[in-house]
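User: I have a protein open on my screen and would like to go through it with you. Could you take me around it, one spot after another?

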Amino acid sequence: MILLTTKLDTNFNTGGDVLYLGEWAKVKIDSTSATVPYHWNDRKKMEVDFIYLEELAERLIISLSSSLNELHSVDISSYDWQKLLGLWLNYFLASTFDRYEMMRYAVNNYNIEIFNFDIPLAQVIPSATNDFVALCTNDLWNSFVFSYFFQILTGKIGIEKSIPIGVKSKEKKNLKSILFKIPRFILGRISNFLFSNFQNHYLELGFPKSLINFLNFSARGYSIPIKKTNDSDSQFDLSRRKWELKNFECMNDFESYLVGLLPKHIPMFFVEEFKVNNKAITSYAEKLPRRNVFTSTHHLGNDIFNLFLVKSKSKLFSIQHGGEASWAFNGTYSYQRKVSDFHLIWGQSEDERTKTIGITKTFGKRPYRYINQRTAFMVCLDMPRYVYDIRSMPLSSQILDYYRNQKLFYSNLSPELQLKFKVKLYPVDYGWVSEHNLRNVFPESVREDSNNLIDSLYKHKLFIGTYNATTYLEALAINIPTILFWDKSVWTLNKESMPYFNLLEEAGIFYESPIAAAKAVEGIWDDVSGWWNSPKVKSAIEIFKDKFVRPVNNPHKVFRDAVQHLKV
């Protein structure tokens, strides 16, 4: 029996006896062939595995710190290496453990062979942390990793094949052509206007993600550009990766297989490119006094940013940017809390290192007001076929159940009400079988493609939230009437958050059943404003917002008070 591990394998499937390793490997619905059950459909196992991988990352970062310090003749603490390498390590462990568990189950329960493609190692190595998510969610990288574990587990090579025609190898980006120029006097005036009370603090102003490797810190009217070394100047060099992890004791088979992968798969920024980047950033950092840096996202995978933090000894104030506060577990959020000196959040403070600032995404936005809007606004999610982080949300093929729930909700609305819906689909198509695609559920006539979600909310009379993340918190922050529905067994909550969602459920705002949510929309449609302002609903929303998403009217004062409160 041939095990089809990715979509690449379908090029060589001649229609014989096949087994799919997962839904991600299918190019069309195939009801005649079996599919290996997804291991994290067992949500208890997922949570246990999350805790295990967190502990494994802690052990590995100590060993990696020692090995990389020796490789580069530097003396960087393991805590600072955590800042630099920790997010990539979290993602790499989640990705490889997920693929290992799937292949282990397949090998132990089926008599299988696989196709083994001649994929050069250099084509599956990220140049930087930010490159890794795109890399580990494509078929080429996954085919390489599945083949590695198959060979380790069985001692067999597999059926050797060439990479199918049309499959692109890893593309190099010429960053010399990417230059972000802002006149210094403009940047200085922006800085002085926004942060005249922050003369001793740098603020990361959130430049476009297309220029993620170009940072610009500004204070007191001057600017210092920091630009990533050109990728094309560096080449993968296997001779620089023939070192072993120092003082690391493997506790199980996965760890013994993992240590053979890690030195080869670390992003080039930390191996081939590290010497030149470290020298350049150290030079920049020496010109500046120690500062406090505020950012929402640039510490999450921007290696040059994090290296500047380390070399300048700046304190990191991370700012909440999503809806992760209520989740039971989240690898990215765990990393963020570990490396942040302080964390500024939208809701109630959690401990001495957190401070409430309110929701930054709605700074300057007016409260919602009903002025005869006639439509409902529904926002939908999508997820990659391959896991790169462990979070209490639908992972991999679990998103197919989410699709089914959206179809159930919409189909249980009356035809008249369906015509009054506007639906925003996720802008990225992750390549799931087209029959599952929500674009086949919602006709073109009901789709809304606005890039500014918050501005879109004002145009509608009711918001429908379908997942536990940022969007519904933004809706509640501006006070648009809201109905929520999702599967709580998948979107698992931390214990502290459960009573607040129970409160929303009792008030008829939150539903687990998509059918019940559709009936609720039908029931309130003729007087949405009256329902939203009823005492029970209003009280539940006020309590929930106080916990998770406080609006802010004076952000400058809030930031200043946060810094003073935290005594930095």
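Analyst: Let us begin with T5, which sits in the loop between β1 (2-4) and β2 (18-20); please keep in mind that this is a predicted model.

User: Is T5 buried or exposed?

Analyst: T5 counts as buried, because its relative accessibility is 2% and the cut-off for buried is under 20%.

User: And what does T5 touch, apart from its neighbours in sequence?

Analyst: Not counting residues up to four places away in sequence, T5 touches L21, W24, A25, M103, I114, F146 and Y386.

User: Let's follow F146, then. Where is F146 found?

Analyst: F146 is in helix α4, which covers residues 139-154. With a relative accessibility of 1%, F146 counts as buried.

User: Which residues is F146 in contact with?

Analyst: Leaving aside neighbours within four places in sequence, F146 is in contact with T5, T6, L21, W24, R99, M103, I114 and Y386. As for R99, the C-alpha atoms of F146 and R99 are 6.3 Å apart in space, although the two are 47 residues apart in sequence.

User: Zooming out, what does the whole protein look like in terms of helices and strands?

Analyst: The secondary structure comes to 18 helices and 17 strands, and buried residues make up 57% of the 568 residues. Among contacts between residues at least 6 apart in sequence, 75% join residues at least 24 apart.

User: What about the largest nonpolar core, which residues have the most contacts inside it?

Analyst: That core has 162 residues, and those with the most contacts inside it are F409, F421, L462, I483 and V521. Helix α2 (residues 78-109) gives the most to this core, with 15 residues. A second, separate core has nine residues, including F317, I319, L344 and V552. In soluble globular proteins, nonpolar side chains tend to be buried together.

User: Pick I483 from that list. What is I483 in contact with?

Analyst: Setting aside neighbours within four places in sequence, I483 is in contact with L462, F463, I464, G465, G508, I509, Y511, A517, A520, V521, I524 and W531.

User: How many residues of helix α13 are buried?

Analyst: Helix α13, residues 470-478, is mostly covered, with nine of its nine residues buried; among them are Y472, E474 and I478. Just after α13, N479 takes a positive phi of about 75 degrees.

User: What is the lining made of, by class?

Analyst: The lining of the second largest pocket has eight nonpolar, seven polar and four charged residues.

User: Where is N330, and what is it in contact with?

Analyst: N330 is found in the loop between β10 (315-319) and α9, and N330 is buried, with a relative accessible area of 8%. A polar atom of the N330 side chain lies 3.0 Å from the backbone nitrogen of T332. Leaving aside neighbours within four places in sequence, N330 is in contact with F50, E324, D389, I390 and R391.

User: Last one, S239: is it buried or exposed?

Analyst: S239 counts as exposed, because its relative accessibility is 52% and the cut-off for exposed is over 50%. S239 is in the loop between β8 (222-227) and α6 (253-265), where its side chain makes a polar contact of 2.5 Å with the side chain of D237. S239 and K264 are 25 residues apart in sequence, and their C-alpha atoms are 9.8 Å apart in space.

Conventions. Residues are numbered from 1 along each chain as its sequence is written. This is a predicted model: local features need pLDDT of at least 70, side-chain atom pairs count only at pLDDT 80 or more; totals for chains, interfaces and linings use all residues. Side-chain values use heavy atoms; hydrogens and water are left out. A nonpolar core is a set of buried Ala, Val, Leu, Ile, Met, Phe, Trp, Tyr and Cys residues joined through side-chain atoms within 4.5 Å. Buried means under 20% relative accessible area, exposed over 50%, partly exposed in between (1.4 Å probe, protein chains only). Helices (H or I, at least four residues) and strands (E, at least two) are DSSP runs, numbered from the N terminus. Contact means heavy atoms within 4.5 Å. Ala, Val, Leu, Ile, Met, Phe, Trp, Tyr, Cys and Pro count as nonpolar, Asp, Glu, Lys and Arg as charged, and the others, Gly among them, as polar. A polar contact is a pair of N or O atoms within 3.5 Å; within protein, one must be able to donate a hydrogen and the other to accept it, and residues adjacent in sequence count only if both atoms are side-chain atoms.
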